[in-house]
Amino acid sequence: MASERDIRARLQRAGQEHLLRFCAELAPGPRAALLAQLEPLEPEALGEHCRRAAAARAHPSGPPPELAARLRPLPPERMGTASGGDPQSRRLWEEEGFHQIALNKVAVLLLAGGQGTRLGVTYPKGMYQVGLPSQKTLYQLQAERIRRVEQLAGERCGTRCTVPWYIMTSEFTLGPTAEFFKEHDFFHLDPNNVVMFEQRMLPAVTFDGRAILERKDKVAMAPDGNGGLYCALADHQILEDMERRGVEFVHVYCVDNILVRLADPVFIGFCVLRGADCGAKVVEKAYPEEPVGVVCQVDGVPQVVEYSEISPETARLRAPGGGLLYNAGNICNHFFTRDFLQRVTREFEPLLKPHVAVKKVPYVDEEGNPVKPLKPNGIKMEKFVFDVLPFARNFVAFQVLREEEFSPLKNADSADRDNPSTARRALLAQHYRWALQAGARFLGPHGAQLPEQPSLPSSGEPAAVCEISPLVSYSGEGLEVYLQGREFRSPFILDENQARALQP
Ligand SMILES: CC(=O)N[C@H]1[C@@H](OP(=O)(O)OP(=O)(O)OC[C@H]2O[C@@H](n3ccc(=O)[nH]c3=O)[C@H](O)[C@@H]2O)O[C@H](CO)[C@@H](O)[C@@H]1O
(Lines give C-alpha, C1' and ligand atoms only; values in the text may rest on other atoms or scores of the structure.)
Protein backbone atom coordinates (compact mmCIF):
# COMPACT_ATOMS: atom_id res chain seq x y z
CA MET A 1 0.00 0.00 0.00
CA ALA A 2 1.40 3.43 -0.99
CA SER A 3 1.85 6.01 1.76
CA GLU A 4 -0.42 9.01 2.18
CA ARG A 5 2.43 11.18 0.98
CA ASP A 6 2.81 9.25 -2.26
CA ILE A 7 -0.89 9.34 -2.90
CA ARG A 8 -1.02 13.07 -2.20
CA ALA A 9 1.82 13.65 -4.67
CA ARG A 10 0.01 11.62 -7.34
CA LEU A 11 -3.22 13.52 -6.78
CA GLN A 12 -1.32 16.80 -7.04
CA ARG A 13 -0.05 15.71 -10.46
CA ALA A 14 -3.65 15.04 -11.50
CA GLY A 15 -4.84 18.39 -10.07
CA GLN A 16 -7.13 16.49 -7.65
CA GLU A 17 -5.51 17.01 -4.26
CA HIS A 18 -8.79 18.27 -2.80
CA LEU A 19 -9.85 14.62 -2.46
CA LEU A 20 -7.64 14.44 0.63
CA ARG A 21 -8.91 17.60 2.26
CA PHE A 22 -10.61 15.78 5.14
CA CYS A 23 -8.02 13.04 5.41
CA ALA A 24 -6.30 14.44 8.52
CA GLU A 25 -9.49 14.36 10.57
CA LEU A 26 -10.49 10.79 9.65
CA ALA A 27 -10.20 7.86 12.06
CA PRO A 28 -7.64 5.22 10.93
CA GLY A 29 -10.28 2.89 9.39
CA PRO A 30 -12.02 5.42 7.10
CA ARG A 31 -8.66 7.01 6.27
CA ALA A 32 -7.27 3.67 5.12
CA ALA A 33 -10.45 3.07 3.10
CA LEU A 34 -10.10 6.42 1.33
CA LEU A 35 -6.42 5.84 0.56
CA ALA A 36 -7.21 2.36 -0.73
CA GLN A 37 -9.82 3.87 -3.05
CA LEU A 38 -7.39 6.51 -4.31
CA GLU A 39 -4.34 4.32 -4.70
CA PRO A 40 -5.29 2.60 -7.98
CA LEU A 41 -6.11 5.89 -9.72
CA GLU A 42 -3.28 6.62 -12.14
CA PRO A 43 -2.50 10.36 -11.98
CA GLU A 44 -2.32 10.91 -15.74
CA ALA A 45 -5.49 8.95 -16.44
CA LEU A 46 -7.32 10.64 -13.57
CA GLY A 47 -6.29 14.13 -14.67
CA GLU A 48 -7.23 13.35 -18.26
CA HIS A 49 -10.58 11.90 -17.20
CA CYS A 50 -11.47 15.03 -15.20
CA ARG A 51 -10.35 17.40 -17.97
CA ARG A 52 -12.26 15.44 -20.62
CA ALA A 53 -15.41 15.36 -18.51
CA ALA A 54 -15.35 19.12 -17.97
CA ALA A 55 -14.58 19.78 -21.64
CA ALA A 56 -17.37 17.46 -22.82
CA ARG A 57 -19.80 19.21 -20.52
CA ALA A 58 -18.72 22.60 -21.88
CA HIS A 59 -20.06 21.60 -25.32
CA PRO A 60 -23.79 21.97 -25.76
CA SER A 61 -25.56 18.84 -24.53
CA GLY A 62 -28.08 16.92 -26.61
CA PRO A 63 -27.78 15.49 -30.10
CA PRO A 64 -24.97 16.88 -32.26
CA PRO A 65 -26.65 19.36 -34.63
CA GLU A 66 -25.21 17.84 -37.78
CA LEU A 67 -26.09 14.24 -36.90
CA ALA A 68 -29.48 14.13 -38.64
CA ALA A 69 -27.93 14.85 -42.04
CA ARG A 70 -25.40 12.02 -41.62
CA LEU A 71 -27.94 9.36 -40.60
CA ARG A 72 -29.46 6.72 -42.84
CA PRO A 73 -31.43 3.58 -42.05
CA LEU A 74 -29.48 0.34 -42.22
CA PRO A 75 -29.59 -1.03 -45.79
CA PRO A 76 -31.76 -4.15 -46.19
CA GLU A 77 -28.80 -6.33 -47.19
CA ARG A 78 -27.44 -5.98 -43.64
CA MET A 79 -30.70 -7.14 -42.07
CA GLY A 80 -32.21 -10.53 -41.44
CA THR A 81 -35.49 -11.36 -39.85
CA ALA A 82 -36.59 -14.18 -37.60
CA SER A 83 -40.27 -13.87 -38.34
CA GLY A 84 -40.90 -12.38 -41.79
CA GLY A 85 -38.36 -14.52 -43.63
CA ASP A 86 -38.95 -17.95 -45.11
CA PRO A 87 -39.16 -20.84 -42.63
CA GLN A 88 -36.51 -22.78 -44.50
CA SER A 89 -33.82 -20.13 -43.81
CA ARG A 90 -34.92 -19.93 -40.20
CA ARG A 91 -34.47 -23.70 -39.86
CA LEU A 92 -31.02 -23.51 -41.40
CA TRP A 93 -29.94 -20.74 -39.03
CA GLU A 94 -31.30 -22.60 -36.04
CA GLU A 95 -29.56 -25.80 -37.07
CA GLU A 96 -26.27 -23.95 -37.51
CA GLY A 97 -26.69 -22.26 -34.11
CA PHE A 98 -27.34 -25.56 -32.36
CA HIS A 99 -24.40 -27.10 -34.17
CA GLN A 100 -22.04 -24.37 -32.90
CA ILE A 101 -23.46 -24.68 -29.37
CA ALA A 102 -22.99 -28.43 -29.47
CA LEU A 103 -19.35 -27.88 -30.44
CA ASN A 104 -18.94 -25.77 -27.25
CA LYS A 105 -18.16 -22.74 -29.37
CA VAL A 106 -20.83 -20.43 -27.96
CA ALA A 107 -20.79 -18.43 -24.72
CA VAL A 108 -23.18 -15.92 -23.24
CA LEU A 109 -22.03 -12.75 -21.56
CA LEU A 110 -24.29 -10.80 -19.27
CA LEU A 111 -23.83 -7.08 -18.69
CA ALA A 112 -24.82 -6.74 -15.06
CA GLY A 113 -22.81 -3.84 -13.71
CA GLY A 114 -25.61 -1.27 -13.88
CA GLN A 115 -27.13 0.26 -10.78
CA GLY A 116 -30.80 -0.10 -11.71
CA THR A 117 -31.48 3.47 -10.59
CA ARG A 118 -34.72 3.79 -12.54
CA LEU A 119 -36.14 0.57 -11.07
CA GLY A 120 -35.27 1.94 -7.65
CA VAL A 121 -33.86 -1.19 -6.00
CA THR A 122 -30.65 -1.28 -4.02
CA TYR A 123 -29.68 -4.80 -5.14
CA PRO A 124 -28.67 -6.06 -8.61
CA LYS A 125 -31.55 -6.10 -11.09
CA GLY A 126 -31.01 -9.76 -11.93
CA MET A 127 -32.13 -10.62 -8.39
CA TYR A 128 -35.48 -8.98 -9.02
CA GLN A 129 -38.57 -11.11 -9.38
CA VAL A 130 -41.52 -9.58 -11.17
CA GLY A 131 -44.22 -11.63 -9.40
CA LEU A 132 -44.49 -14.74 -11.59
CA PRO A 133 -46.41 -17.67 -10.08
CA SER A 134 -43.06 -19.52 -9.74
CA GLN A 135 -41.47 -16.43 -8.12
CA LYS A 136 -38.39 -16.89 -10.29
CA THR A 137 -35.90 -14.05 -10.53
CA LEU A 138 -34.41 -12.76 -13.77
CA TYR A 139 -31.15 -14.59 -12.96
CA GLN A 140 -32.99 -17.87 -12.46
CA LEU A 141 -34.90 -17.57 -15.74
CA GLN A 142 -31.62 -16.88 -17.53
CA ALA A 143 -29.80 -19.78 -15.88
CA GLU A 144 -32.62 -22.16 -16.81
CA ARG A 145 -32.60 -21.00 -20.43
CA ILE A 146 -28.89 -21.77 -20.58
CA ARG A 147 -29.50 -25.27 -19.22
CA ARG A 148 -32.30 -25.87 -21.70
CA VAL A 149 -30.41 -24.62 -24.75
CA GLU A 150 -27.46 -26.85 -23.78
CA GLN A 151 -29.83 -29.77 -23.50
CA LEU A 152 -31.52 -29.07 -26.86
CA ALA A 153 -28.20 -28.66 -28.67
CA GLY A 154 -26.89 -31.82 -27.03
CA GLU A 155 -29.95 -33.85 -28.01
CA ARG A 156 -29.91 -32.64 -31.60
CA CYS A 157 -26.25 -33.31 -32.11
CA GLY A 158 -25.92 -36.39 -29.89
CA THR A 159 -23.41 -34.88 -27.50
CA ARG A 160 -23.04 -33.08 -24.17
CA CYS A 161 -22.13 -29.44 -24.32
CA THR A 162 -21.64 -26.32 -22.24
CA VAL A 163 -22.54 -22.71 -22.78
CA PRO A 164 -20.31 -20.82 -20.32
CA TRP A 165 -21.91 -17.83 -18.66
CA TYR A 166 -19.70 -14.76 -18.26
CA ILE A 167 -21.16 -12.11 -15.99
CA MET A 168 -19.75 -8.60 -15.93
CA THR A 169 -20.47 -6.97 -12.60
CA SER A 170 -19.34 -3.76 -10.96
CA GLU A 171 -18.34 -2.74 -7.46
CA PHE A 172 -22.08 -2.35 -6.78
CA THR A 173 -23.20 -5.72 -8.08
CA LEU A 174 -20.33 -8.21 -7.70
CA GLY A 175 -20.72 -9.03 -3.99
CA PRO A 176 -24.50 -9.48 -3.91
CA THR A 177 -24.56 -11.29 -7.27
CA ALA A 178 -21.87 -13.77 -6.22
CA GLU A 179 -23.65 -14.33 -2.90
CA PHE A 180 -27.01 -14.84 -4.62
CA PHE A 181 -25.60 -17.43 -7.01
CA LYS A 182 -24.00 -19.31 -4.11
CA GLU A 183 -27.21 -19.24 -2.09
CA HIS A 184 -29.07 -20.69 -5.07
CA ASP A 185 -26.47 -23.32 -5.82
CA PHE A 186 -25.73 -21.62 -9.15
CA PHE A 187 -29.21 -22.65 -10.27
CA HIS A 188 -27.76 -26.12 -10.91
CA LEU A 189 -25.16 -24.89 -13.35
CA ASP A 190 -21.58 -25.99 -12.83
CA PRO A 191 -19.92 -23.06 -10.98
CA ASN A 192 -16.82 -23.60 -13.14
CA ASN A 193 -18.88 -22.46 -16.09
CA VAL A 194 -20.10 -19.26 -14.45
CA VAL A 195 -17.36 -16.63 -14.61
CA MET A 196 -17.94 -13.33 -12.83
CA PHE A 197 -15.63 -10.39 -13.40
CA GLU A 198 -15.69 -6.74 -12.49
CA GLN A 199 -15.74 -3.64 -14.66
CA ARG A 200 -13.84 -0.50 -13.71
CA MET A 201 -15.24 2.49 -11.87
CA LEU A 202 -14.63 6.14 -12.68
CA PRO A 203 -14.97 9.21 -10.46
CA ALA A 204 -17.89 11.55 -11.01
CA VAL A 205 -16.61 15.04 -11.80
CA THR A 206 -17.90 18.58 -11.19
CA PHE A 207 -18.55 20.91 -14.11
CA ASP A 208 -15.17 22.54 -13.46
CA GLY A 209 -13.28 19.27 -13.61
CA ARG A 210 -12.86 18.24 -9.95
CA ALA A 211 -13.52 14.66 -8.89
CA ILE A 212 -16.37 14.62 -6.35
CA LEU A 213 -16.06 13.52 -2.72
CA GLU A 214 -19.28 11.77 -1.80
CA ARG A 215 -18.27 11.50 1.86
CA LYS A 216 -15.21 12.70 3.68
CA ASP A 217 -13.79 9.22 3.23
CA LYS A 218 -15.18 8.26 -0.16
CA VAL A 219 -14.89 9.44 -3.76
CA ALA A 220 -18.14 9.36 -5.80
CA MET A 221 -17.49 6.60 -8.28
CA ALA A 222 -19.69 5.09 -10.99
CA PRO A 223 -19.23 2.13 -13.31
CA ASP A 224 -17.67 3.12 -16.63
CA GLY A 225 -20.73 2.14 -18.69
CA ASN A 226 -21.53 -1.17 -20.34
CA GLY A 227 -18.80 -0.38 -22.87
CA GLY A 228 -16.48 -0.81 -19.90
CA LEU A 229 -16.80 -4.43 -21.03
CA TYR A 230 -13.78 -4.16 -23.30
CA CYS A 231 -11.37 -2.96 -20.62
CA ALA A 232 -12.80 -5.49 -18.20
CA LEU A 233 -12.28 -8.34 -20.70
CA ALA A 234 -8.62 -7.38 -20.87
CA ASP A 235 -8.23 -6.68 -17.13
CA HIS A 236 -9.45 -10.16 -16.23
CA GLN A 237 -8.09 -12.17 -19.20
CA ILE A 238 -11.59 -13.24 -20.12
CA LEU A 239 -10.82 -13.73 -23.81
CA GLU A 240 -7.98 -16.06 -22.82
CA ASP A 241 -10.46 -18.03 -20.72
CA MET A 242 -12.78 -18.21 -23.74
CA GLU A 243 -9.94 -19.37 -25.93
CA ARG A 244 -9.04 -22.15 -23.48
CA ARG A 245 -12.62 -23.36 -23.63
CA GLY A 246 -12.75 -23.16 -27.43
CA VAL A 247 -15.39 -20.42 -27.47
CA GLU A 248 -15.61 -18.63 -30.83
CA PHE A 249 -18.95 -16.79 -30.63
CA VAL A 250 -20.30 -14.65 -27.81
CA HIS A 251 -23.86 -13.54 -27.20
CA VAL A 252 -23.74 -10.37 -25.08
CA TYR A 253 -27.00 -9.23 -23.50
CA CYS A 254 -28.42 -6.92 -20.88
CA VAL A 255 -29.89 -8.12 -17.63
CA ASP A 256 -33.38 -6.71 -17.66
CA ASN A 257 -35.16 -8.25 -20.65
CA ILE A 258 -37.39 -10.95 -19.18
CA LEU A 259 -37.85 -12.58 -22.61
CA VAL A 260 -34.14 -12.75 -23.50
CA ARG A 261 -33.15 -15.87 -25.45
CA LEU A 262 -29.70 -16.73 -24.24
CA ALA A 263 -27.40 -18.11 -26.91
CA ASP A 264 -30.39 -17.97 -29.28
CA PRO A 265 -29.47 -20.59 -31.90
CA VAL A 266 -31.39 -18.74 -34.63
CA PHE A 267 -29.51 -15.48 -34.04
CA ILE A 268 -26.16 -17.23 -33.62
CA GLY A 269 -26.74 -19.35 -36.72
CA PHE A 270 -27.78 -16.32 -38.78
CA CYS A 271 -24.66 -14.37 -37.78
CA VAL A 272 -22.34 -17.34 -38.32
CA LEU A 273 -23.75 -18.22 -41.74
CA ARG A 274 -23.54 -14.59 -42.81
CA GLY A 275 -19.88 -14.54 -41.78
CA ALA A 276 -20.56 -11.63 -39.41
CA ASP A 277 -18.05 -10.55 -36.79
CA CYS A 278 -20.59 -8.38 -35.01
CA GLY A 279 -24.37 -8.39 -34.87
CA ALA A 280 -27.31 -6.82 -33.08
CA LYS A 281 -30.83 -8.00 -32.47
CA VAL A 282 -33.47 -5.39 -33.11
CA VAL A 283 -37.23 -5.00 -32.76
CA GLU A 284 -39.48 -2.52 -34.49
CA LYS A 285 -39.65 0.57 -32.33
CA ALA A 286 -42.99 0.86 -30.56
CA TYR A 287 -43.22 4.66 -30.66
CA PRO A 288 -40.85 7.48 -31.65
CA GLU A 289 -39.78 8.40 -28.12
CA GLU A 290 -39.23 4.82 -26.98
CA PRO A 291 -35.97 4.77 -24.96
CA VAL A 292 -34.13 2.35 -27.21
CA GLY A 293 -31.11 3.06 -29.37
CA VAL A 294 -31.58 2.85 -33.15
CA VAL A 295 -29.42 0.66 -35.31
CA CYS A 296 -28.63 2.72 -38.41
CA GLN A 297 -25.72 4.12 -40.41
CA VAL A 298 -23.78 7.30 -39.72
CA ASP A 299 -21.76 8.44 -42.73
CA GLY A 300 -22.41 5.04 -44.24
CA VAL A 301 -21.04 3.12 -41.25
CA PRO A 302 -23.30 0.88 -39.11
CA GLN A 303 -23.79 2.21 -35.64
CA VAL A 304 -26.29 2.48 -32.80
CA VAL A 305 -27.43 6.00 -32.04
CA GLU A 306 -28.59 6.02 -28.44
CA TYR A 307 -32.04 7.34 -27.54
CA SER A 308 -30.45 10.10 -25.51
CA GLU A 309 -28.49 11.29 -28.53
CA ILE A 310 -31.12 11.38 -31.29
CA SER A 311 -33.29 14.47 -31.65
CA PRO A 312 -37.08 14.05 -31.27
CA GLU A 313 -37.52 15.37 -34.83
CA THR A 314 -35.23 12.71 -36.27
CA ALA A 315 -36.84 10.00 -34.13
CA ARG A 316 -40.25 10.99 -35.52
CA LEU A 317 -39.27 10.88 -39.23
CA ARG A 318 -41.41 8.55 -41.31
CA ALA A 319 -40.43 6.23 -44.15
CA PRO A 320 -42.46 6.32 -47.41
CA GLY A 321 -44.50 3.31 -46.21
CA GLY A 322 -45.64 5.25 -43.12
CA GLY A 323 -43.53 3.44 -40.50
CA LEU A 324 -40.73 5.13 -38.58
CA LEU A 325 -37.68 5.79 -40.75
CA TYR A 326 -35.38 4.83 -37.84
CA ASN A 327 -37.29 1.80 -36.80
CA ALA A 328 -34.62 -0.73 -35.83
CA GLY A 329 -34.74 -0.60 -32.02
CA ASN A 330 -31.62 -1.91 -30.29
CA ILE A 331 -32.48 -4.46 -27.59
CA CYS A 332 -28.94 -4.74 -26.25
CA ASN A 333 -28.38 -8.25 -27.60
CA HIS A 334 -25.14 -8.46 -29.49
CA PHE A 335 -23.21 -11.13 -31.31
CA PHE A 336 -19.43 -10.93 -31.40
CA THR A 337 -16.79 -13.32 -32.61
CA ARG A 338 -14.02 -13.81 -30.10
CA ASP A 339 -11.65 -12.71 -32.80
CA PHE A 340 -13.47 -9.37 -33.12
CA LEU A 341 -13.43 -8.90 -29.33
CA GLN A 342 -9.70 -9.54 -29.41
CA ARG A 343 -9.22 -6.81 -32.02
CA VAL A 344 -11.36 -4.46 -29.97
CA THR A 345 -9.43 -4.97 -26.75
CA ARG A 346 -6.06 -4.71 -28.53
CA GLU A 347 -6.69 -1.92 -31.02
CA PHE A 348 -9.99 -0.13 -30.83
CA GLU A 349 -10.87 0.30 -27.16
CA PRO A 350 -8.77 3.46 -26.70
CA LEU A 351 -10.57 4.98 -29.68
CA LEU A 352 -14.02 4.70 -28.08
CA LYS A 353 -15.34 8.11 -27.13
CA PRO A 354 -17.04 8.30 -23.75
CA HIS A 355 -20.59 9.62 -23.52
CA VAL A 356 -21.45 12.28 -21.01
CA ALA A 357 -24.29 11.98 -18.51
CA VAL A 358 -25.06 14.90 -16.24
CA LYS A 359 -26.46 13.62 -12.94
CA LYS A 360 -27.26 14.63 -9.39
CA VAL A 361 -24.29 13.35 -7.41
CA PRO A 362 -24.38 13.56 -3.58
CA TYR A 363 -21.28 15.30 -2.21
CA VAL A 364 -19.74 16.89 0.88
CA ASP A 365 -19.41 20.67 0.97
CA GLU A 366 -16.32 22.59 2.06
CA GLU A 367 -17.27 22.15 5.71
CA GLY A 368 -17.73 18.43 5.25
CA ASN A 369 -21.55 18.43 5.43
CA PRO A 370 -23.29 15.88 3.20
CA VAL A 371 -25.40 17.50 0.45
CA LYS A 372 -28.07 15.91 -1.72
CA PRO A 373 -28.17 18.21 -4.74
CA LEU A 374 -31.53 19.23 -6.18
CA LYS A 375 -30.06 20.02 -9.59
CA PRO A 376 -27.57 18.01 -11.64
CA ASN A 377 -24.08 18.88 -10.43
CA GLY A 378 -21.85 16.10 -11.67
CA ILE A 379 -20.64 14.47 -14.84
CA LYS A 380 -20.43 10.74 -15.31
CA MET A 381 -18.54 9.41 -18.29
CA GLU A 382 -19.62 6.12 -19.81
CA LYS A 383 -18.69 4.01 -22.77
CA PHE A 384 -21.41 2.05 -24.57
CA VAL A 385 -21.16 -1.60 -25.53
CA PHE A 386 -22.32 -0.90 -29.08
CA ASP A 387 -19.70 1.77 -29.75
CA VAL A 388 -17.50 -0.89 -31.33
CA LEU A 389 -19.92 -1.50 -34.22
CA PRO A 390 -18.14 0.90 -36.59
CA PHE A 391 -15.00 -1.25 -36.30
CA ALA A 392 -16.76 -4.41 -37.52
CA ARG A 393 -15.78 -5.80 -40.90
CA ASN A 394 -19.18 -7.37 -41.42
CA PHE A 395 -21.99 -6.12 -39.20
CA VAL A 396 -25.49 -7.59 -39.44
CA ALA A 397 -28.75 -6.81 -37.68
CA PHE A 398 -31.42 -9.39 -36.97
CA GLN A 399 -35.02 -8.35 -36.45
CA VAL A 400 -37.15 -10.33 -34.03
CA LEU A 401 -40.71 -10.07 -32.75
CA ARG A 402 -41.11 -7.84 -29.74
CA GLU A 403 -43.80 -9.99 -28.12
CA GLU A 404 -41.52 -13.01 -28.32
CA GLU A 405 -38.20 -11.45 -27.35
CA PHE A 406 -38.31 -8.03 -25.75
CA SER A 407 -39.88 -6.76 -22.57
CA PRO A 408 -37.35 -4.81 -20.53
CA LEU A 409 -37.63 -4.11 -16.83
CA LYS A 410 -36.44 -0.53 -16.49
CA ASN A 411 -38.86 1.28 -14.21
CA ALA A 412 -40.83 0.84 -11.01
CA ASP A 413 -44.54 0.11 -11.26
CA SER A 414 -45.31 3.82 -10.89
CA ALA A 415 -44.23 4.27 -14.55
CA ASP A 416 -46.58 3.28 -17.40
CA ARG A 417 -44.14 1.17 -19.31
CA ASP A 418 -41.24 -1.28 -18.97
CA ASN A 419 -42.08 -2.03 -15.35
CA PRO A 420 -42.49 -5.24 -13.30
CA SER A 421 -46.15 -5.62 -14.32
CA THR A 422 -45.49 -5.24 -18.05
CA ALA A 423 -42.58 -7.70 -17.83
CA ARG A 424 -44.67 -10.28 -15.94
CA ARG A 425 -47.56 -9.89 -18.40
CA ALA A 426 -45.27 -10.21 -21.42
CA LEU A 427 -43.88 -13.51 -20.15
CA LEU A 428 -47.24 -14.95 -19.12
CA ALA A 429 -48.89 -13.85 -22.39
CA GLN A 430 -46.11 -15.59 -24.30
CA HIS A 431 -46.48 -18.81 -22.34
CA TYR A 432 -50.26 -18.70 -22.73
CA ARG A 433 -49.81 -18.36 -26.53
CA TRP A 434 -47.35 -21.26 -26.59
CA ALA A 435 -49.77 -23.41 -24.59
CA LEU A 436 -52.70 -22.64 -26.91
CA GLN A 437 -50.52 -23.37 -29.95
CA ALA A 438 -49.63 -26.72 -28.38
CA GLY A 439 -53.32 -27.55 -28.05
CA ALA A 440 -54.03 -26.78 -24.37
CA ARG A 441 -57.38 -25.49 -23.14
CA PHE A 442 -57.88 -23.62 -19.91
CA LEU A 443 -60.59 -23.71 -17.28
CA GLY A 444 -61.49 -21.03 -14.79
CA PRO A 445 -61.65 -21.59 -11.01
CA HIS A 446 -65.17 -23.07 -11.27
CA GLY A 447 -64.35 -25.44 -14.09
CA ALA A 448 -65.84 -23.37 -16.92
CA GLN A 449 -63.80 -23.26 -20.12
CA LEU A 450 -62.05 -19.92 -20.59
CA PRO A 451 -62.19 -18.13 -23.95
CA GLU A 452 -59.11 -18.49 -26.14
CA GLN A 453 -57.28 -15.28 -26.91
CA PRO A 454 -54.24 -16.14 -29.01
CA SER A 455 -53.52 -12.47 -29.70
CA LEU A 456 -53.71 -9.99 -26.87
CA PRO A 457 -53.16 -6.27 -26.78
CA SER A 458 -49.73 -5.67 -25.25
CA SER A 459 -51.26 -4.35 -22.04
CA GLY A 460 -53.82 -7.18 -21.74
CA GLU A 461 -53.79 -9.96 -19.15
CA PRO A 462 -54.07 -13.40 -20.75
CA ALA A 463 -57.37 -15.22 -20.13
CA ALA A 464 -55.54 -17.92 -18.16
CA VAL A 465 -52.37 -17.76 -16.09
CA CYS A 466 -49.87 -20.26 -17.49
CA GLU A 467 -46.17 -20.28 -16.72
CA ILE A 468 -43.83 -22.67 -18.45
CA SER A 469 -40.42 -23.38 -16.96
CA PRO A 470 -37.52 -22.67 -19.32
CA LEU A 471 -36.32 -26.15 -18.32
CA VAL A 472 -39.34 -27.54 -20.17
CA SER A 473 -39.38 -25.23 -23.18
CA TYR A 474 -36.89 -22.64 -24.41
CA SER A 475 -38.92 -20.96 -27.14
CA GLY A 476 -42.22 -22.82 -27.23
CA GLU A 477 -40.85 -26.10 -28.61
CA GLY A 478 -41.87 -29.58 -27.52
CA LEU A 479 -45.02 -28.68 -25.59
CA GLU A 480 -47.58 -30.74 -27.55
CA VAL A 481 -46.54 -33.91 -25.79
CA TYR A 482 -47.68 -32.47 -22.45
CA LEU A 483 -50.51 -30.18 -23.48
CA GLN A 484 -52.20 -31.39 -26.69
CA GLY A 485 -55.95 -31.81 -26.18
CA ARG A 486 -55.76 -31.40 -22.40
CA GLU A 487 -57.57 -29.05 -20.07
CA PHE A 488 -55.82 -27.18 -17.28
CA ARG A 489 -57.12 -25.09 -14.48
CA SER A 490 -55.70 -21.57 -14.30
CA PRO A 491 -53.22 -20.77 -12.77
CA PHE A 492 -51.11 -23.54 -14.25
CA ILE A 493 -47.35 -23.97 -13.84
CA LEU A 494 -45.66 -26.36 -16.21
CA ASP A 495 -42.39 -27.15 -14.47
CA GLU A 496 -40.19 -30.23 -14.78
CA ASN A 497 -42.23 -32.25 -12.25
CA GLN A 498 -45.51 -31.40 -13.89
CA ALA A 499 -44.01 -32.24 -17.27
CA ARG A 500 -42.92 -35.66 -15.99
CA ALA A 501 -46.42 -36.29 -14.65
CA LEU A 502 -47.99 -35.33 -17.99
CA GLN A 503 -45.61 -37.37 -20.12
CA PRO A 504 -47.59 -40.16 -21.83
C1 LIG B 1 -25.70 1.72 -23.86
C2 LIG B 1 -26.73 0.69 -24.14
O3 LIG B 1 -26.43 -0.48 -24.25
N4 LIG B 1 -27.98 1.14 -24.32
C5 LIG B 1 -29.06 0.23 -24.56
C6 LIG B 1 -29.73 -0.09 -23.24
O7 LIG B 1 -30.22 1.14 -22.74
P8 LIG B 1 -30.52 1.46 -21.19
O9 LIG B 1 -30.33 2.90 -20.99
O10 LIG B 1 -31.82 0.89 -20.84
O11 LIG B 1 -29.31 0.69 -20.53
P12 LIG B 1 -29.10 0.25 -19.03
O13 LIG B 1 -28.57 1.38 -18.28
O14 LIG B 1 -30.29 -0.45 -18.54
O15 LIG B 1 -27.92 -0.79 -19.25
C16 LIG B 1 -28.01 -1.88 -20.13
C17 LIG B 1 -27.23 -3.03 -19.54
O18 LIG B 1 -25.90 -2.65 -19.31
C19 LIG B 1 -25.54 -2.94 -17.97
N20 LIG B 1 -24.56 -1.94 -17.50
C21 LIG B 1 -24.85 -0.62 -17.52
C22 LIG B 1 -23.93 0.32 -17.09
C23 LIG B 1 -22.69 -0.13 -16.64
O24 LIG B 1 -21.81 0.64 -16.25
N25 LIG B 1 -22.44 -1.47 -16.64
C26 LIG B 1 -23.35 -2.39 -17.06
O27 LIG B 1 -23.08 -3.59 -17.06
C28 LIG B 1 -26.82 -2.93 -17.17
O29 LIG B 1 -26.69 -3.71 -16.01
C30 LIG B 1 -27.79 -3.50 -18.18
O31 LIG B 1 -27.79 -4.90 -18.16
O32 LIG B 1 -30.77 -1.04 -23.43
C33 LIG B 1 -31.79 -0.62 -24.36
C34 LIG B 1 -32.75 -1.80 -24.52
O35 LIG B 1 -33.27 -2.20 -23.32
C36 LIG B 1 -31.17 -0.25 -25.70
O37 LIG B 1 -32.16 0.23 -26.58
C38 LIG B 1 -30.11 0.81 -25.51
O39 LIG B 1 -29.54 1.16 -26.76
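**Second largest pocket**

I looked up the second largest pocket and found 28 lining residues, with Ala45, Arg200, Met201, Leu202 and Asp224 nearest its centre. A pocket here is an open set of points on a 1 Å grid where a 1.4 Å probe fits, with protein on both sides within 12 Å along at least five of seven lines, and lining residues have an atom within 4 Å of a point. I noted that this is a predicted model, where local features need pLDDT of at least 70, side-chain atom pairs need 80 or more, and totals for linings use all residues. Residues are numbered from 1 along each chain, and side-chain values leave out hydrogens and water.

The pocket holds about 770 Å³ of space, counted as what probe spheres set on the points fill. Helix 3 (43-58) gives the largest share of the lining, five residues. Helix 2, strand 6 (201-203) and strand 19 (378-382) are also among the elements supplying at least two each. Helices are DSSP runs (H or I) of at least four residues, strands (E) of at least two. By class I got 14 nonpolar, five polar and nine charged residues (Asp, Glu, Lys and Arg are charged; Ala, Val, Leu, Ile, Met, Phe, Trp, Tyr, Cys and Pro nonpolar; the others, Gly among them, polar).

**Helix 1 and helix 2**

Next I checked helix 1 (residues 4-14) against helix 2 (residues 28-38): their axes come within 11 Å and cross at roughly 45°, with axes being lines fitted to C-alpha atoms over the stretch in contact and angles running from 0 to 180 degrees between N-to-C directions. Glu4, Ile7 and Leu11 of helix 1 meet Arg31, Leu35 and Leu38 of helix 2, contact being heavy atoms within 4.5 Å. That makes four nonpolar, no polar and two charged residues.
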